[in-house]
Each structure stands twice: as C-alpha cells, then as structure tokens.
Amino acid sequence: MGFSSALQGKSAHDALLSRQDAELRLLEIMKRCLLQKVKCDKEYAIALTAAAQLGLKIDRADDLQGSQIMKVWRSFMEEWEQTAKQFKSNAEFLESLCQDKLTHLYQDKRKTRKNYQEEHQKIATQFTNITEDVTRKKCEYQKHLEYYKLLRSKFEEHYIKAGRGGRKLDDVRDKYQKACRKLHLAHNEYVLLISEASEVETDFRTILLPGLLEHQQSIQEDFVVVWKGILQEASQYSDLTSNSFQDIQRKIESNIQSIHPAEEYREFTERHKTSPPAPVVFQFDQTLIEDKDTLGKLQPNTLTVDNLTVDWLRNRLTELETSVKECQEKQSKLENGTSVTVSIPSTLTLTNGRKESNKHSKDFTVLRCQEKQMLKLADLIKTALNEVGCEELPSGCDDISVDPSFIENNISNNDQQPMSHAAAAFILQKSNEVLSMIKAFKRKTNSNGANGATTTKTDASNSSVPQSKRTSAMTLSTNRPLYEEEWFHGVLPREEVVRLLKNEGDFLVRETIRNDESQIVLSVCWNGHKHFIVQTTIDGHYRFEGPAFPSIQELIMHQHLSELPVTGRSGAVLKRPVTREVWELSNDDVILLDKIGRGNFGDVYKARLKSSKNEVAVKTCRMTLPDEQKRKFLQEGRILKQYDHPNIVKLIGICVQKQPIMIVMELVHGGSLLSFLRKNNATLNTKQLIGMCRDAAAGMRYLESKNCIHRDLAARNCLIGYENIVKISDFGMSREEEEYIVSDGMKQIPIKWTAPEALNFGKYTSLCDVWSYGILIWEIFSKGDTPYAGMSNSRARERIDAGYRMPAPECATPEIYRLMLKCWAYEPDTRPHFDEIYTIVDSL
Ligand code: ADP
C-alpha cells in the first residue's frame, strides 16, 4: 500500500504536507546539533593538544635519562596529540557534511514539498471547475425546459382558440419553435458536459492524483536514501572505535606493556654508581656546654637527672617501654602471618605474592630496628635513673632568683663542694679584719656626725684590704637607706641587670618581688652572671656564707672590701660596684601632679622633675600586677631608651627604686591623637592632616631604620604636641627584631590594625607596621572614625582576606587613598617601606 492508493483523501493530503514540514524541522535541528558537536570536538582537540604539550614538558635535565616510564609517557603524550588531530579532522568532515549535504537535502525537500502542493492544487482545481460547469449547465437546462414548457402551452392554447390560421398563432408558433430549439441545444450541451465531466473525474481519481502521489512517494523515499547516507557519514566521523582511534590505543597499550620494572633503573644505577657511604659518627658537640658556669651540671653523652628532669625521664621511659611492647606484638603477628599496618604505600597493597612476602620481611626488619633503637634509649634512661637511686635529687637550676632554696643550699656549710680547711681559715681571718675595719669606720663616721654622706672613709692603717679597694669603697656607705645607695637598682628587670654587669667582678644590688615578698639580691658578673639572695638571720642580721651584719650595706661592703668569694662554690668576688644610670631615676625625683590618662598598666600623670622643674608625663604600673606584667610594662622604657627622634616620644627615665614603678617621658601636651582628631574634626584642614601623616611616617621611618617593629601603631597610640606635631608612643608591644614570630596565641591583638600575615601566621616585620600606618592615615583622614565600622573583628578579618579594603574617607585626597591601598597590599613585599612612604607624603 503506497501513497497513491492510501493518501488520496483530503485529510491524508494535509497530513502529508505536515509530515514534510516536520521533516524539514528535523533537518534544521540535526544541522544545528551536528555543528554544535563540531565545535565541541574542535575545542576538545585544542584542549587535548595543550594537555599533551604540558605532559611533554618533562624535566630537561638528565635525571630521567634511560627511564622507560619517561619514554612511554612521552609517546603517550604524542598519541594524545595524534588523537587531537584525529578529532579535529573528523570535526572538519562533519562540518562540511552539514554545510553541503545536509543543507542541500533541506533545500531539495522544501522545493519538492512546494511542487507537490502546487501540482495537487492544479489537478484538484481542474476537477472542481468541471463539476461547477456541470451544475451551471444543469441550471441552464432547467431554465430552457421551463421556458419551452411555457411557450408550448401558450401555442396549444392559441391553436385551440384560433383554429388553424391567424397571425397571432404564427407568432406564438415561432416563439415556441425557438424555445424548443434552445432546449434541445441545452440538452445536447449538457449531455456532452456530463460525458466530459465523467472523463475528467475518472482521470483525476485514477490517473492524475495517484500519479502525483506515487511520484511524491518515490521522491521522498529517494530523500530518505540521501538522509540515511548523511547519518551514516555523521556516525562514521563520530566513531571513537574507528580504526584510527584503535590504532592509537593499541600503540599506547603496547608501549605501556614494554615497561619492565627491573629495567627502569638499570641505566640510572649504572651512571650513578658510588661506593657505599662511610658511617656517620654522631658526637656530642662539647662546645655546647663549654660555659661551665651556667651549664656546669650538663655532661656530654650523659643524661642529666635532677628535680627538673626526673619526671620527664620517667614518663619517657614508660612511653618507650609501651612502644617496645607494641613493636614486639607487631613482629609476632607478622611471624604468624597476620597482616599488620606498617608504613607501606597504599598503592602497593595489591602487588603479587612475591612482593607481599618482600614487604613482610621488610616490615619485619623495620620493626626489629625500631625495637632495638627503643631498647637502647630505655636502657640509657634506666641506667641514669638507677645511678641516682633513692638519693635526694640534685637541683637542676642554679638561678637563685627562680629557685631561692638553691642559694640557701649554696651558701650553707653543707655545700656539696666543701671548702678546704686552709680556705676556711683564710676566709675567717679576712672576715675578722674587715669586721674590725667596718667597726672602726662606723665609730669614725658616728663621731664625725656623718649622716649618710656619700663618701666613706675606711681605716686603712689596720687593714690588709688593698688600697684600690679602699678607693672604690668610697662609693659605699652604711648610714643611709638602702634605696639611696648608688649601687642599689631597685626592681630593675634582670635583662637590664645582666646588661649593666659587663666585667668580671662588677656587681649591684637589686630587689625582686616573689610571692608578694621582697627579696634583696646581689648580682655579680663572675663566670657569667650570678645572683645571690641576701639571707636574714633570726636576729634580723644579713649574711651570705660568712658573718652576718646589721645592715645590707655593711654586708655588701664586707664582701667588697675583703675580696672574699660570696660563696665558696661560686667563687664570685665583688670588685666594682655598678651605679645607677642616668635614666634610672629615683621615685622621689618625681612629683606627680594631675592624672592625664589611663593606660593598660595604670594611670598616666602629668608630673614635675624635682631636679630641673621640668614638666613630664609619668606612666605608673599598678602595684598589684604580677611580676610578668611589670616586666612587660618596663619593656616600653627599655625600648624607648635608645631612641631619639622628634616624632618618637622621648624617654626621660624609669623609676624602679620602689613601688609603684614608673616610666618618665616627655610630656606631649595634646594627649592622644585619636581624642584630638575627634575633638577638632570640624576645624582640621587637609594640610594639617597631611602634616600629621608625614610626622608619623618620619617617626616610623626612624624606627624601621633601627629594626624596631612597633606592632601597635594606631591613632590611639600616637600623641599630639604643639603645632600639631605627631609623636609615636606606646611601645608596649614593640620588638627590636627584623622579623618577630608570635607563637603564644593572639591575645589582645588589635585585629583591625594588624596585617593579614601577622594575624594568619604570627609573622611581624616593619611591613606589618606599614599596613597599620595605612589604617592610621585612614583614621587621620576620617578624623577619628573607627575602621571597618559595623564589622566585628572576625568579619573584618574574613573580608580583608577575601580582598575587601575600606573606601576612601570623605576628605582623603586621591593620592592619600592610593597610599592607603598600597599600605594594604595583601603581599607584604609589595607594600612600600617607610622611606618611600615618607617621600610620598612629604611631596604632598
Ligand atoms: P598604655 O601604653 O599603658 O596603654 P598609653 O601610652 O596609651 O598607655 O597612655 C594612656 C593615655 O595617657 C594616652 O592616651 C594619653 O592620653 C596619655 N599619655 C600617655 N603618654 C603621654 C605623654 N607622654 N604625654 C601626654 N599624655 C600622655
């Protein structure tokens, strides 16, 4: 059953037209889709070529010479390039298939549809016309028939009425005859037309329409042949299993098969052949403990067992013993064939039996070695612990300021290194001499009415004390309070003490506060630095190992003049008293006036120096703060002491003779820059603001040149003086280092002022100060606004890491904002140094 018989009806004709429309649409979609594939394949080819190029960037050096893996890899990559080429050429074929064949097929099908429609229209019209003609003829026929009937009845009527003759009758007869003729003509025409119409109808139904449909079917089937061919070609150009691809795959696989593990390192081993290395001897570096003074108890290759290490050693021993046990268990499991986890790469777990057994024996060896090593360490510790046995553990630390009991042991007669009889006799004799000397001195000063005079006369005639000593003893007196003595340094931090005692025999006396109790300590430079706590006897006298004295001054004088060692064990002799430096002011040198601020450690006062009557600023440290905090408080003084620059607040001195300890600084009249900016925001002009930025840059440039990292640069920590001069202050967090790594967490870090690398890695350099300087100038130009307003610290930190930077403050010039952004460069190395910053700001 074909089109010709099945599709003659009207609805079938409409359906055939719709079908052809649908096919045209399908062709369009196919073309679009195939072209899309062409695009993808071309892009894939490009990407694959790039990947292969990357894969071919193999180490050019000889290191992989002779490697089969490398060779195979190279050819692998070359095959990828080949694959890419194949993809590209297939895509090009497919493209031309779409452009040519598919396009032509589309055009031809459109034309055919049009022809079919026109042809169908034509024959259908012919049939319609003739049908209409027949209808029309039939109407005419009817009209003629009626007219004829009318005239015939008229003629009959006249004929009956008028008889055979008369003119009227002739007339009627004539008309009747004409009507009859017309009727007959119409009849004939109708008969002919009916016949023609029958012919036409038969032709239309049996020849023309079936012929058209048959023709149409055959054309459409021809198109299907073409279409099928196109699909076949498209499939062929998309075939990833085609011979060309299979060839490529075969080559890759056979290359990989050619890798033989045993061959891989043959050439390499040949080339780098060396003789086995000589054993490395690990020896204790004796220079590490050359300083016998501080490290006297540490012996090379010997474990130190004392009160500081014994617990650690015991724990370590337990750990080792547990590990040895575990190790032994693993070994026995291995022996029994149970698998244990030892460090073998996971990629090797699926290897064959030979490898598996290799691995086992290797694991076993590793475990044996580990066991042996641990047993040796455990033995070492056990022996060391056994040697101490149940004796009282020796003290591990000589530092008497850390462990006061040590000094007591040290100066007691039960010293572990007892003095020889001769030495003891010598010390006794010396002590007696000095005692009588001091007594004579006291008599004399009392009779002279001397009252704490700075000069002290000794009775040289009855003494064996050297003349030189007698001269240096002039700086020692006995009658004034201890804190007035020039060599008494109050609660001066230990770091400073160590710095002051430079030469053998240099000494000073200071105070430490331990558990709320004050202790007087004698610090001496002797084979390093030694610190001795002054002992108090039951009757309130003072002593070290020798005789006791009613005052500390007398005790110190005795030690100094007699040249006797403070303790037999240390051998430390007091040669030269080190007096206070200019910056070590006495608390009484300062008169506190008004409170002008409040710092982290205590109140800040305006004050007057007794000596010069100058006004100064004094930072006080609350007495109740722990020692550690007090040390931190003084850190600022220690750092500031070395600096002298108009834009750095100047240190005048520290007062550590007694509590409260204080830092005395130049008074900067405007107080904190932040409050100043907020108070005067309506009147400050751009020039003044730039001036402040320049001052801060000058101060920071100076600090950077001194390798000082401030770490807390912010408007709140700058002071403002006359003519709006800005001075950098608050050095509480500063460090004198090129790079400072914080390891103890991030407590109290000013997050919004701190550079990302310091927050993220604890790494501080001057470039972190540069970041803070950016925030400082933002504060200056926003006249005291809070940075990242409305954002919590953690939010600000997150956003900065994500690239956010604050917008320019309203009155910032473009140059200033550019500078801020430079300071806020994420990578520290791309930030400007203060030298450059100063030049930029100065030029503004
Ligand atoms: P801390 O370092 O303990 O936090 P600051 O250095 O911040 O203390 O000082 C607190 C306040 O004291 C400052 O904001 C400022 O108002 C005032 N101040 C500090 N040093 C001086 C000074 N040298 N001259 C004038 N005022 C000062």
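Author: Gladly! The residues of the shell around the ligand divide into 9 nonpolar, 4 polar and 4 charged. Here Ala, Val, Leu, Ile, Met, Phe, Trp, Tyr, Cys and Pro count as nonpolar, Asp, Glu, Lys and Arg as charged, and the others, Gly among them, as polar. Please keep in mind that this is a predicted model, where local features need pLDDT of at least 70, side-chain atom pairs count only at pLDDT 80 or more, and totals for chains, interfaces and linings use all residues. Residues are numbered from 1 along each chain as its sequence is written, and side-chain values use heavy atoms, with hydrogens and water left out.

Reader: How do you know that the ligand lies between two domains?

Author: Domain 4 (581-667) and domain 5 (672-844) both give residues to the shell, so the ligand lies between them. The domain bounds come from an automatic or database domain assignment.

Reader: Why is the pair of phenylalanine 127 and phenylalanine 204 called stacked?

Author: Rings of Phe, Tyr and Trp (its six-membered ring) pair if their centres lie within 6.5 Å; planes under 30 degrees apart count as stacked, over 60 as edge-to-face and the rest as tilted. For phenylalanine 127 and phenylalanine 204 the centres are 5.0 Å apart and the planes at 5°, so the pair is stacked.

Reader: And what makes phenylalanine 76 and tryptophan 80 edge-to-face?

Author: Their planes are at 80°, with 5.6 Å centre to centre, so the angle falls in the range over 60.

Reader: Why is phenylalanine 204 buried while phenylalanine 127 is partly exposed?

Author: Buried means under 20% relative accessible area, exposed over 50%, and partly exposed in between (1.4 Å probe, protein chains only). Phenylalanine 204 has 15% and therefore counts as buried, whereas phenylalanine 127, at 26%, counts as partly exposed.

Reader: One last thing: what makes asparagine 301 stand out in its backbone?

Author: Most residues other than glycine have a negative phi. Asparagine 301 has a positive phi of about 55° although it is not a glycine. Asparagine 301 is also exposed, because its relative accessible area is 63%.
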